[in-house]
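Biologist: Please take me through the features of this model one by one, giving the general idea before each case.

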Amino acid sequence: MASVNTTARLAALRSLMKEKGVDIYVVPSEDSHASEYIAACDARRAFISGFTGSAGTAVVTLDKAALATDGRYFNQASKQLDENWLLLKTGMQDVPTWQEWTVEESAAGKTVGVDPALIASSVAEKLDASVKKSGGAGLKAVDENLIDPVWGDDRPARSSNPIVLLPQKYSGKDTATKLADLRKELEKKKAASFVLSMLDEIAWLFNLRGSDITYNPVFFSYAIVTQDSATLYVDGSRLSDEGRNYLDQNKVVIKPYDALFTDANAMASAADTKGTSEPPKKYLVSNKGSWALKLALGGDKFVEEVRSPVCDAKAVKNDTELEGMRQCHIRDGAALIEFFAWLEDQLIAKKAVIDEVAAADQLEEFRKKQKDFVGLSFDTISSTGPNAAVIHYKPEPGSCATIDPDAIYLCDSGAQFLDGTTDTTRTLHFGTPSAAEKKAYTLVLKGNIALDSAIFPKGTTGFAIDCLARQFLWKQGLDYRHGTGHGVGSYLNVHEGPIGIGTRKQYADVALAAGNVLSIEPGYYEDGAYGIRIENLAIVREVKTEHSFGDKPFLGFEHVTMVPYCRKLIDEALLTREEKEWLNRSNEEVKKAMEGRFEGDALTRAWLERETQPF
């Protein structure tokens with residue numbers, strides 16, 4: 001995790017800023033579709049700053065540069081940023097947000113610039129108002145991205161990979177039904193259309209999958225749906241014959257990707273009803289939609305920003321998708337169990353020297369043997385000792401560590417299968433863990449069990465139950481700087497909104513619902529020493545209770561991850577009888593799911609038998 005010398009890059013950027021009349025330039029992490037994970041060609045913030053984490057915003061003035069990121073990346077950013085950069089640790093006391101820092105720097109009439117395609121309109125408009133209030137000139141939409149000419153010929157090309165149909169045996173619902181449901185939402189809102197810009201929403205709506213962003217089966221596109229039409233803006237030459245025929249059957253018109261903004265401008269002109277008494281019907285866009293998109297559609301007069309109804313619908317999995325999640329996690333669990341047994345044998349019995357990357361590569365080979373495997377769902381976090389304390393650590397060939405059998409090993413990994421997406425974290429020790437490591441691991445495990453066992457009324461948010469996973473750490477004055485859970489797509493993005501478990505504001509806005517799939521992943525990290533995280537994926541489901549207060553149904557979790565926990569790291573003295581019973585049930589579920597999967601593999605069978613012994 002070495003730093004990059006950004007002096008020349010910043011000098012070139014500042015020269016362009018002066019040409020454009022910009023005193024401060026904001027560089028978001030996202031692409032023009034507000035994607036959390038982006039294609040290499042869109043990694044502008046990483047290029048200009050040297051920081052490669054998935055979250056953060058860079059702000060460059062004519063003589064300063066700041067990078068804001070959250071607690072998952074404090075450690076990583078401190079190592080990757082060179083001396084040109086100030087690290088703003090978001091959420092820490094007395095540390096300004098990137099917006100506050102920008103506003104402070106913009107006083108005395110300075111102009112702040114940003115590529116309007118890369119910032120949500122709500123964020124842009126609020127920042128513009130704050131800058132003007134502080135005495136700045138305001139926020140300027142700079143249509144030409146100023147990072148791109150600095151990057152030059154070294155900037156990677158966009159993907160042109162095929163786009164294929166996901167059969168209904170995996171999707172569970174056809175596009176005609178999904179479009180009909182969306183049109184009901186348009187009717188409720190009395191809206192003219194919904195303009196889609198989020199890539200996973202478009203992939204889900206049209207039952208198509210691509211590979212334009214590594215690990216995310218999406219493709220660059222926009223879409224517009226009205227009461228009587230549906231238009232997909234995409235490079236049509238990339239569609240498989242099966243996919244094109246499917247779109248034709250569902251009366252979906254295909255237009256070039258770049259035609260979206262031309263059509264948006266035309267829609268704004270058509271909606272201008274000056275001289276009439278009838279107010280125009282609004283165009284709905286996601287509240288994550290870009291400032292550029294809102295401007296093209298005519299601004300506030302014609303646009304209403306909403307939480308996307310497609311996002312909400314996608315988050316509630318149908319029965320086919322839920323069963324796919326269960327089945328793919330059994331296969332994924334088999335790969336992980338085989339990997340952990342192999343790794344322990346290599347390190348302990350064979351005294352092999354294995355580095356973090358080699359271990360991650362071997363895990364991928366085990367996954368490749370599983371039915372319907374497509375690829376990984378994110379970079380495997382294969383981390384030993386102090387590296388495990390870097391929450392989103394990515395081992396790099398040539399610079400990664402050798403796995404120490406006498407230190408904690410944290411493996412956070414996942415896969416894309418045709419029938420679902422997986423994300424599992426297990427923390428192991430192959431030698432003799434310290435008392436402190438065992439205590440920390442057991443406190444994290446107790447939090448995982450507590451949240452997995454929770455029962456709560458319909459209408460409860462992930463914000464409300466986050467504390468259940470942290471309570472045992474809190475009692476010791478400990479905590480972790482990341483969310484407790486994120487939504488997960490069905491053969492889609494491993495991080496999926498709008499639901500989650502944590503202290504972010506959005507997790508207080510959306511209640512959990514039966515059919516949601518999300519992670520439960522408390523952790524604890526000692527910088528420079530070790531890191532612990534235990535992550536399962538779980539389905540939110542309705543549960544039977546003795547009573548039904550307020551005539552509300554009650555909900556609970558069904559975990560689908562099928563991998564045992566590290567017995568060496570469990571301090572049984574800290575477990576209650578109920579927690580031991582939970583572990584015994586969980587281990588029995590894993591053993592049953594793995595029946596017949598390791599025939600002829602005595603090593604893996606012995607490892608599984610040992611790790612699932614009853615407490």
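Modeller: Let us begin with a proline: P498 belongs to strand β23, which covers residues 496-501. Helices (H or I, at least four residues) and strands (E, at least two) are DSSP runs, numbered from the N terminus. The model is predicted, so local features need pLDDT of at least 70 and side-chain atom pairs count only at pLDDT 80 or more, while totals for chains, interfaces and linings use all residues. Residues are numbered from 1 along each chain as its sequence is written, and side-chain values use heavy atoms, with hydrogens and water left out.

Biologist: Is the peptide bond from G497 to P498 cis or trans?

Modeller: The bond from G497 to P498 is cis, its omega being near 0°. Phi of Y491 is near 45°, which is a positive value in a residue other than glycine.

Biologist: How should I read a sheet, and what is the order of the strands in the one that contains β17?

Modeller: Two strands pair if DSSP finds at least two bridges between them. Here the order is β16-β17-β20, in an open sheet of three strands with antiparallel pairing. Because β16 (381-384) and β20 (424-429) are the edges and each has a single partner strand, one side of each lacks a neighbour in the sheet. From one strand to the next, the twist averages 10°; axes are lines fitted to C-alpha atoms, for helices over the stretch in contact, and angles run from 0 to 180 degrees between N-to-C directions.

Biologist: Which helix packs on the sheet?

Modeller: It is α14 (residues 319-349), which touches β17 and β20 and whose direction makes about 155° with that of β17. Contact means heavy atoms within 4.5 Å. Within the sheet, four bridges join β16 to β17 (residues 408-413) in the antiparallel sense, and I381 has D412 of β17 opposite.

Biologist: What is the order of the open sheet that includes β18?

Modeller: That sheet has three strands in the order β15-β18-β19, with antiparallel pairing. Its edge strands, β15 (373-376) and β19 (420-421), each pair on one side only. Three bridges connect β15 with β18 (residues 415-417) in the antiparallel sense; A415 in β18 is the bridge partner of L376.

Biologist: How many cavities of 30 Å³ or more does the structure hold?

Modeller: A cavity is a set of points, on a 1 Å grid over the protein atoms alone, where a 1.4 Å probe fits but cannot get out, and lining residues have an atom within 4 Å of a point. Grid points are joined across faces, edges and corners, and a volume is the space filled by probe spheres set on the points. The structure has two such cavities of 30 Å³ or more.

Biologist: Which strand gives the most to the lining of the largest cavity?

Modeller: β20 does, with three residues. The volume of the largest cavity is about 40 Å³, and its lining includes F340, R426, T427, L428, W607 and E611. By class, this lining has seven nonpolar, one polar and two charged residues. Ala, Val, Leu, Ile, Met, Phe, Trp, Tyr, Cys and Pro count as nonpolar, Asp, Glu, Lys and Arg as charged, and the others, Gly among them, as polar.

Biologist: Which residues line the second largest cavity?

Modeller: Among them are L166, W204, R209, E321, S490 and Y491; as noted, Y491 has a positive phi. The volume of the second largest cavity is about 40 Å³, and its lining divides into five nonpolar, two polar and two charged residues.

Notes: On a 1 Å grid over the protein atoms alone, a cavity is a set of points where a 1.4 Å probe fits but cannot get out, and a pocket is an open set with protein on both sides within 12 Å along at least five of seven lines; lining residues have an atom within 4 Å of a point.
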